[in-house]
Amino acid sequence: MPYISTQSSPPVQLYYEDHGTGQPVVLIHGWPLSHRMWEGQVTALTAAGFRCVAYDRRGFGESERPAGGYDYDTFADDLHSLLTSLDLTNVILAGFSMGGGEVARYLGKHGSDRIAKAMFIAAVPPFLLKTADNPTGADQSLFDGMMAGVKKDRIAFLDGFFQGFFNHTPGQKDFPVDAIEYAKWIAWGASPVGTLECIRAFGTTDFRPDLKKITIPVAVIHGTADAIVPFDISGKLTAATIPTSTTITIDGGSHGLPVTHPEQLTKAMLDFAKAS
C-alpha cells in the first residue's frame with residue numbers, strides 16, 4: 001500500500017492513492033471521512049486527463065492514528081510532505097469542507113510555488129467561530145455540543161450528523177440511503193481522538209490571514225442549501241476575500257455534494273481545472 005512519511009511533528013504515515021497522468025489534482029477530504037469520498041471525482045478527473053492524488057488525513061482512513069497533531073499547521077505540513085515526497089508541481093488543490101482549511105493554511109504557510117490553482121468546496125474558511133470581529137459566525141456552543149456528542153457516543157452522533165450532511169429526512173424519496181450508511185462506515189473507522197480534535201481545529205481556526213495571501217486562481221464551489229457549513233458564513237466570505245476567485249453555487253446543494261449533486265460538482269471541478 002502507498003504511504004509517505006511526514007516531516008511534521010509528530011510524524012505519521014499517510015496513506016494515498018495515485019491515479020492517472022497529467023496535471024496533478026490533489027484531493028483533500030472532509031471530516032469525518034477519507035479519500036473514499038472522492039471516488040466519482042477521481043474517475044471523472046482521470047478520464048479527463050488529470051492525475052489524481054487523494055490521501056487520508058492523519059487519524060482517518062488508512063493513515064496512521066497518532067495521539068496528537070490535529071491542528072491546521074500540522075495538517076498543512078502533512079500536505080507539504082505529500083507534495084514534496086511525490087515531487088508534485090503545477091498542482092490543483094481541492095479541499096472539501098474541513099479540507100478547505102488545509103488548502104488555505106498550506107497556501108498561507110508554504111506559498112504557491114508548487115500550486116497552480118485551488119478549489120474550496122463546501123469549505124470551512126474563512127472562520128466559522130462567532131467573535132467580536134466575526135459576528136456572522138457560529139456560537140462556540142455549537143462546537144462544544146459536537147464535541148460533547150462525540151465524547152458521549154461517537155457512533156450515535158455520526159448517525160444524526162450525516163442526516164444534516166446530506167439534507168436527508170427519514171422516508172425521503174429518491175435519496176441514496178446507502179450513501180449515508182457508507183459515510184458512517186467510513187467515519188466509524190476513524191480515530192476517536194482525531195474525530196474529536198478536528199472539531200476543535202475547524203471550529204476555532206481563523207483562516208482570514210491565509211486567504212489574504214492567495215494570488216493564484218481559486219474556485220469557491222458551494223451548495224446553496226448547505227446546512228453544515230452555510231454558504232453565507234463561509235464560501236461567500238472566502239470569495240470576497242480572494243480577488244482571484246470565481247464563485248460557483250450549486251442550487252439546492254447540500255453539504256454532501258459528491259453524493260447529492262455529483263454531476264454538478266464534477267462539472268464545476270472539471271471546468272475550473274481545464275480553464276486556462
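# Helices, strands and loops

Student: At what angle does helix H3 run to strand S5?

Tutor: Helix H3 (residues 98–110) lies across strand S3 (24–28), strand S4 (51–55), strand S5 (91–96) and strand S6 (115–121). Helices (H or I, at least four residues) and strands (E, at least two) are DSSP runs, numbered from the N terminus. Axes are lines fitted to C-alpha atoms, for helices over the stretch in contact, and angles run from 0 to 180 degrees between N-to-C directions. The angle of H3 to S5 is about 140 degrees.

Student: What kind of model is this?

Tutor: Residues are numbered from 1 along each chain as its sequence is written, and side-chain values use heavy atoms, with hydrogens and water left out. Local features need pLDDT of at least 70, side-chain atom pairs count only at pLDDT 80 or more, and totals for chains, interfaces and linings use all residues, since the model is predicted.

Student: What is the order of the strands in the open sheet?

Tutor: The open sheet has eight strands with mixed pairing; two strands pair if DSSP finds at least two bridges between them. Its edge strands, each pairing on one side only, are S1 (3–5) and S8 (245–250). The twist averages 20 degrees from one strand to the next. The order is S1-S2-S4-S3-S5-S6-S7-S8.

Student: Which residue of S6 stands opposite Ile92?

Tutor: S5 and S6 pair in the parallel sense, over six bridges. The residue opposite Ile92 is Lys117.

Student: How many of the seven residues of S6 are buried?

Tutor: Buried means under 20% relative accessible area, exposed means over 50%, and partly exposed is in between (1.4 Å probe, protein chains only). By this rule S6 is mostly covered, and the number of buried residues is six.

Student: Which residue in S8 is the bridge partner of Ile221?

Tutor: Strand S7 (residues 218–223) is joined to S8 by six bridges, and the two run parallel. The partner of Ile221 in S8 is Ile248.

Student: Are H2 and H3 roughly parallel or roughly perpendicular?

Tutor: H2 and H3 pack at an angle of about 75 degrees, with their axes 8 Å apart. Contact means heavy atoms within 4.5 Å, and residues making it include Phe75 and Leu79 of H2 and Tyr106 of H3. Angles under 35 degrees count as roughly parallel, over 145 as roughly antiparallel, 65 to 115 as roughly perpendicular and the rest as oblique. H2 and H3 are therefore roughly perpendicular.

Student: How many charged residues does the contact of H2 with H3 have?

Tutor: Ala, Val, Leu, Ile, Met, Phe, Trp, Tyr, Cys and Pro count as nonpolar, Asp, Glu, Lys and Arg as charged, and the others, Gly among them, as polar. The contact of H2 with H3 has seven nonpolar and three polar residues, and its charged residues number five.

Student: Which term describes the angle between H1 and H10?

Tutor: Helix H1 (residues 39–47) and helix H10 (residues 262–274) pack with their axes 10 Å apart, at an angle of about 40 degrees. That angle makes H1, relative to H10, oblique.

Student: Which residues does Thr266 touch, leaving out those up to four places away in sequence?

Tutor: Thr266 is in helix H10. At 14% relative accessibility, Thr266 counts as buried. Not counting residues up to four places away in sequence, Thr266 touches Gln41 and Ala44.

Student: Is Asp78 buried or exposed?

Tutor: Asp78 is in helix H2 (residues 72–85). Thr6, Ser8 and Arg58 are among the residues that Asp78 touches, not counting those up to four places away in sequence. Because the relative accessible area of Asp78 is 2%, this residue is buried.

Student: What is omega for the peptide bond that joins Ser9 and Pro10?

Tutor: Most residues other than glycine have a negative phi, and most peptide bonds are trans. Pro10 lies in the loop between S1 and strand S2 (13–19). The bond that joins Ser9 and Pro10 is cis, with omega about -5 degrees.

Student: What is the phi of Asp87?

Tutor: Asp87 is found in the loop between H2 and S5. Asp87 counts as exposed, at 53% relative accessibility. Although Asp87 is not a glycine, its phi is positive, about 50 degrees.
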